[in-house]
Amino acid sequence: MAYLQQVLFLVLVATATFLLVRRIKFIKTSINLGKPQDLTDNKPARWRNMLLVAFGQQKMFKKPVPALLHLFVYVGFVLINIEVLEIIIDGLAGTHRIFAPYLGTFYTVLLNFFEFLAVGVLVACVFFLIRRNILKVPRFHKPEMKAWPFLDANLILVFEIILVVAILKMNATDQLLQARGAEHYTATGRLFFSSLLMPFFDGFSTPTLVGFERAFWWVHITGILAFAIYVTYSKHLHIFMAFPNTWYASLKPKGEITNMNSVTNEVKIMLGLQPADAAPPAEVERFGAKDVTDLSWKNIMDAFTCTECGRCTAECPANQTGKKLSPRKIMMDTRDRAEEITRSLLAGGKGADDGKFLLDDYISREELNACTTCNACVEACPVLINPLTIIIELRRYLVMEESSAPAEWNAMFQNIETSFSPWKFAPSDRFKWADELRN
Ligand code: SF4
Ligand code: SF4
């Protein structure tokens with residue numbers, strides 16, 4: 001029986017590892033659809049960003065209560081991995097609580113700390129479910145949050161509750177078996193929270209209790225492995241992606257828009273700031289972006305990191321004034337399109353040549369034209385995602401490749417070209433308003 005459990009466990013871990021590796025490769029292929037971009041300068045600043053924003057959750061603390069509860073879920077998730085390590089060793093070696101004899105009293109302290117975190121996670125998940133489904137916080141109920149995104153957000157919370165309840169019940173039955181002197185059940189000392197559940201199981205016989213303990217153990221570890229795979233398909237991928245994403249985040253000031261080198265060179269040559277033969281114009285396949293393959297790899301990594309929290313959309317002035325634009329949807333569409341191309345490529349299909357594009361098939365011109373380039377979404381994002389660069393690249397394509405800007409913009413472009421200002425004044429007239437003040 002013990003061997004059968006070990007074999008079953010080995011099959012379970014091997015299957016989970018296979019599925020996980022396959023999904024990681026898929027995500028890597030999707031991110032590599034993007035164009036190269038070097039984001040490795042100033043490494044100390046990048047490490048600082050990662051430590052403060054991803055590890056320290058710096059940007060979450062604008063709203064202290066959700067931030068604290070989020071911290072519980074996050075720390076609980078990170079530290080629970082120590083316990084998972086023990087469970088995996090136990091499962092493969094056929095042992096039970098293998099760390100206990102080595103850690104002594106510290107083991108009891110550690111398990112009590114895990115239980116404290118587990119209860120914190122439980123409270124946080126219940127709070128998040130209430131906030132989402134009963135209080136109906138507006139940013140969780142925008143048009144892009146229907147169907148799968150809505151279900152995903154709820155599923156993961158329910159999943160975490162099941163895992164936490166399983167571990168508390170497992171510890172409760174384990175303590176009862178220890179008290180009855182059952183074979184293999186190593187003394188753990190009193191575990192505060194789970195011991196409160198012991199009266200519910202006290203009436204059962206020892207063999208039934210062993211059955212319960214084993215069932216909760218299997219539910220817990222199967223749940224954790226399933227959770228690890230599920231996370232890679234869900235918005236909760238940010239648990240892992242937040243680290244590389246904050247490390248590679250742009251270090252430039254938010255208002256700085258990246259110039260296109262080919263255009264800058266042309267303008268410099270026109271203005272006589274650069275000799276015509278100084279830098280031969282680089283081959284430009286396409287100005288701006290029409291599809292995800294025209295974006296940089298970092299834009300696609302941003303999309304896979306998005307937690308769909310909607311803080312960007314809640315701060316977006318265009319969205320607040322009823323426009324169709326939602327920066328969260330821009331990120332979700334970018335991820336969906338990248339996944340569509342990768343799925344097709346891996347299945348031997350046409351990949352990006354399927355006749356569809358990020359522009360128009362996913363993101364409409366109405367959405368793009370509603371953006372004021374204010375950067376509020378970039379400022380609001382807790383994991384340093386930049387939806388604005390994607391919007392700007394798609395708009396660049398519209399303006400530079402299709403000359404398809406709204407009529408008001410075309411007038412503005414012409415004025416800038418002729419009057420060096422958005423208004424129709426000759427440069428010499430621009431300070432006439434001050435003449436009256438002088439007279
Ligand atoms: S930059 Fe655009 S998308 Fe971002 S908040 Fe401002 S208007 Fe909204
Ligand atoms: S882009 Fe950032 S702020 Fe917006 S939904 Fe995604 S994670 Fe949240």
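Let's start with how the chain folds back on itself: among contacts in the protein chain with a separation of 6 or more, 76% join residues 24 or more positions apart. Keep in mind as you look around that this is a predicted model.

The overall dimensions come next. Along the principal axes, the C-alpha atoms of the protein chain fill a box of roughly 100 × 55 × 40 Å. The radius of gyration of the protein chain is 28 Å, whereas a compact globule of 439 residues would have one near 22 Å. Of those 439 residues, 30% count as buried.

Domain 1 takes in residues 2-31 + 63-247, and domain 2 runs over 285-429. Their C-alpha centres lie 39 Å apart. The two do touch, in a contact that takes 18 residues from domain 1 and 21 residues from domain 2. On the domain 1 side, helix 1 (2-31) and helix 10 (238-247) each supply at least two residues. Helix 10 gives the most to that side, with six residues. By type, the domain 1 side of the contact divides into nine nonpolar, five polar and four charged residues.

Several residues of helix 5 are buried: Leu111, Ala118, Val121, Leu122, Ala124, Cys125 and Phe128. An α-helix has 3.6 residues a turn, so residues three or four places apart point the same way. In this helix, Ala118, Val121, Leu122 and Cys125 are among the buried positions. What covers the buried residues of helix 5 includes helix 3 (64-93) and helix 6 (147-179).

Now let's move to ligand 1. Which residues are closest to ligand 1? They are Cys316, Cys371, Cys374, Ala376 and Cys377, out of 16 residues that surround ligand 1. Helix 14 (317-320), helix 18 (376-380) and helix 19 (387-402) each supply at least two residues of this shell. Helix 19 gives the most, with three residues. The shell around ligand 1 divides into 12 nonpolar residues, three polar and one charged.

Most residues other than glycine have a negative phi. Asn375 has a positive phi of about 75 degrees although it is not a glycine. You will find Asn375 in the loop between helix 17 (365-369) and helix 18; helix 18 also supplies at least two residues of the shell around ligand 1. Is Asn375 buried, exposed or partly exposed? Asn375 counts as partly exposed because it has 15 C-beta neighbours inside 10 Å.

The other case is Asn42, which is not a glycine either and has a positive phi of about 40 degrees. Its place is in the loop between helix 1 and helix 2 (43-55). Asn42 has 11 C-beta neighbours inside 10 Å and therefore counts as exposed.

Terms used
Residues numbered from 1 in each chain as written. Chains lettered and ligands numbered in written order. Predicted model: local features only at pLDDT ≥ 70, side-chain atom pairs only at ≥ 80, totals over all residues. Near = placed C-beta within 6 Å. Helix = DSSP H or I, 4+ residues; strand = E, 2+ residues; numbered from the N terminus. Nonpolar A, V, L, I, M, F, W, Y, C, P; charged D, E, K, R; others polar. Domains from an automatic or database assignment. Contact = placed C-beta atoms within 7 Å. Buried ≥ 20, exposed ≤ 12 C-beta atoms within 10 Å, placed from the backbone. Rg over C-alpha atoms; globule rule 2.2 N^0.38 Å.
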